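Dear colleague,

Please find below the structure I am handing over to you, followed by a summary of what was found in it.

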Amino acid sequence: MTAHSTTAHGTPIEHQGHGHHWETSIAPFAVVFGVFFLLPLTFSMHFVYHNTILTAVFAGIGLPLILFGVAKWIDEGLTQKPLVAGLAGVGMPIFIVSEIFIFLSFFATYWMVRLSTYSWPPEHTPEMPVLLPLFMTFLLITSSVTVHIAEEKLEHGDLAAFRKWLVITVLFGLAFLSCTTFEYHHLLEHDFLPSTNAFSMIFFSITGFHASHVFLGLSIFIAILLPALGGRVNKTFVLCGSIYWHFVDVVWIFVVSQIYFW
Amino acid sequence: MSDAHHGFNLREWIFTTDHKRIGILYLIGALSAFAIAGTFAIMIRMQQYGPGMQVFDSGSGYNTALYFHGAAMILVFLIPALTGFFANYFLPLMIGAKDVAFPRINAFSVWLFYAAIILALVSLVIPDPPDVMWTGYPPYSVTTEGNTAFYVFTVHLLGFSSILGAINFLVTVIYMRAPGMGWNQLNMFVWTILAAFILQLIFIPVLASAVTMLLFDKYLGTHFFDPAMGGDVLLYQNLFWFYSHPAVYVILLPAIGILFDVIATMGKNRIFNYKVCVYAGIGGVLALAGEVWIHHLYVAGVPDWIRVGMMITTLLISVPIGLMLMSLWGTLYKASITFNVAMHYASACLFLLLIGGLTGIPLAMTVMTANLGQTSFVHAHFHFVMALFSTFAIISGIYYWFPKMTGRLAEGKLAVVAFWFNIIGVNITFWPLFIIGVQGMPRRYFSYEQFPQFAPYHHVATYGSFLVALGMVLTLINWIKSAFWGVKSEANPWHSKSLEWTHTPNPPGPGNFPHDVTVSADWTPYDYVK
Ligand SMILES: [Cu+2]
């Protein structure tokens, strides 16, 4: 049994689980403890213990660990051959099932709070924008189309066009996040904070949670794009990224209809 | 390279992506949590020995002990032992796979679990430990001086770990079964793990959302659970139990799955009513698991139509559970039983589940819960199901697969003596709690000066808990001793027909199977009676 073969580019491909030695990877370990420092510890130091120095220290440990781990993970993903190819394309939709239930919990909370109140929106709610969310919807739907085009280009082996359409997709995503930032800034200036009233907590948690998904989707695209510049692409990974992006797009339709136009 | 998998190499263990080693890492973490949370259990029992302060100097010390005992036992011991350790080590072997679908994500899961353990341990040494039990109900969890954030993040880390585990194992079972292995040829354990992970995938996100709102309420000043500002305090309880009732099945189902494999193998018998058990039993639990949670809110002021509706579903769910129990007992029918240590624990489980299940029926009824709900009757009921039944099933499984993992047997006098300490001890501990529960002994109170008449019962229960502690320590000593110096086992000591015994060495090396596995259409893991 040969343990190593080579790709067209001459980089060695390692087969996972071929039975010769114990498989190892430092990547998951690094990402977990990066997350551990960056989320629970940094949050607690800032919001629970109000300790600025430790907040900075823990964030400073966490972020590089995550970046290192993710880079390593992607590198291994591009050089090693899984036991069964293409399974991540099934894993991602299963993950999305779980995501749907998070959004459902927040929407259920929203419906319960709203339907049990006599007047809506509650006091201290400023005029919400109407045109901006429509524009943001346009941005996301267009980006779903562009990522689809990128995938088709990759399918036809046109790597340059793939990269171009992926960059366009990322730009649309960034434009979307800029709109979110602009809107938040505007609302915060009008003293509409998460703690203001029942609508503000719903508004910021649902749109904020969705925006974090846009951010994650963009991070996946950038993680695809950087190796793709060097000619290294994994089609399953691209498929996962695009499935996720379409999901983020569909959720936004629900967010817009429920939060802005109801 | 040829001798790379001989000898101990720490680096190879910490960065491992091998499902068996990840399984062992889960086992070490889970057993450590069991030891610490078990110590808290003894302290709780000692505090309850008599009215007034016994071992804690304040009520909040007692609350912290309750928090750690409950959260660690359920979230860090039971669920990770079953869906982390057993699933990781044995499921790929049972279906003939070389590893899980996503080995690196699997490593990611186990280290998230360890990150949660670290956070839980840090919780014990900070000046403001969480004191919100394992349920974290507002408004107390929002107003307490304790660090609710650590509770929330512990849930987040474990939840994310389980969701990734769910993705991994669902894909593995669907796509990586040995060629020729159909759905009706799966081990019962594989079915129950599949079901447990479906529940985790769907319900954990709801718990994660609930505790996130708790975090926002406490630290960002939102009002999700504050009725004065348009929030709803019962919302938390609804979201929490929407996950946490199904969490009972996340524990119960794999525990039953282990019992099926132990009983069928040790009885050399087919699974009685395999298809009914799988499709109506496990399927029925899956279908009903999300429609019963209101039985935790019977006295919380919920409209009657929901209470009565969920009373009916709660009573109904004993039908699929009953089908599974019937299959367990039926598998013993005309079996030729080898009564080894695993089988001792398995038979104890049949008794414990019966008591736990029967005492659940009155609690399913709204009228009874109005009186029993806040008493130690509930406490004893769920300990019979969750603590005793599930833990005994876990111990049974460890004895059953001990030769697979170590190449050695853990049988012998010490194991049997420890078993009798355990089974007698748990009954002495929890039966008195049923009795005084019916008479009105409140749950969760750190002292019971108003009810001095219950003190004798508490004496008995506390002595019982010492017996269990002794039994567990002896069990642990036996495992450690046997792992290093135990009698060498033959390749398939129980003469099982299941792939993990017939096709892999003890313990399996990298890649699991020396030769690729295919199974024929008439093969089953319980192919004993022809
Ligand atoms: Cu329940």
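A contact here means that heavy atoms lie within 4.5 Å. On that basis, residues 24 or more positions apart account for 76% of the contacts in chain A with a separation of 6 or more. Please note that the model is predicted.

Chain A contains seven helices and three strands, in the order β-β-α-α-β-α-α-α-α-α from the N terminus. Along the principal axes, its C-alpha atoms fill a box of roughly 70 × 45 × 30 Å. Chain A has 262 residues, of which 48% count as buried.

The metal site involves chain B. Which residues coordinate the copper ion? The donors are ND1 of B:His245, NE2 of B:His295 and NE2 of B:His296, at 1.8 to 2.0 Å. Along the chain, these donors follow the spacing H-x49-H-H. B:His245 and B:His295 link distant parts of the chain, being 50 residues apart: B:His245 belongs to helix α8 (residues 233-267) of chain B, whereas B:His295 sits in the loop between α9 (274-288) and α10 (304-316).

Are these two residues buried or exposed? Buried means under 20% relative accessible area. B:His245 has 8% relative accessibility and therefore counts as buried; B:His295, at 13%, also counts as buried.

Yours sincerely

Technical notes:
Residues are numbered from 1 along each chain as its sequence is written. Chains are lettered from A and ligands numbered from 1 in the order in which they are written. This is a predicted model: local features need pLDDT of at least 70, side-chain atom pairs count only at pLDDT 80 or more; totals for chains, interfaces and linings use all residues. Side-chain values use heavy atoms; hydrogens and water are left out. Helices (H or I, at least four residues) and strands (E, at least two) are DSSP runs, numbered from the N terminus. Buried means under 20% relative accessible area, exposed over 50%, partly exposed in between (1.4 Å probe, protein chains only). Donors are N, O and S atoms within 2.8 Å of the metal (3.2 Å for Na, K and Ca); water is not among the atoms, so sites may look incomplete.
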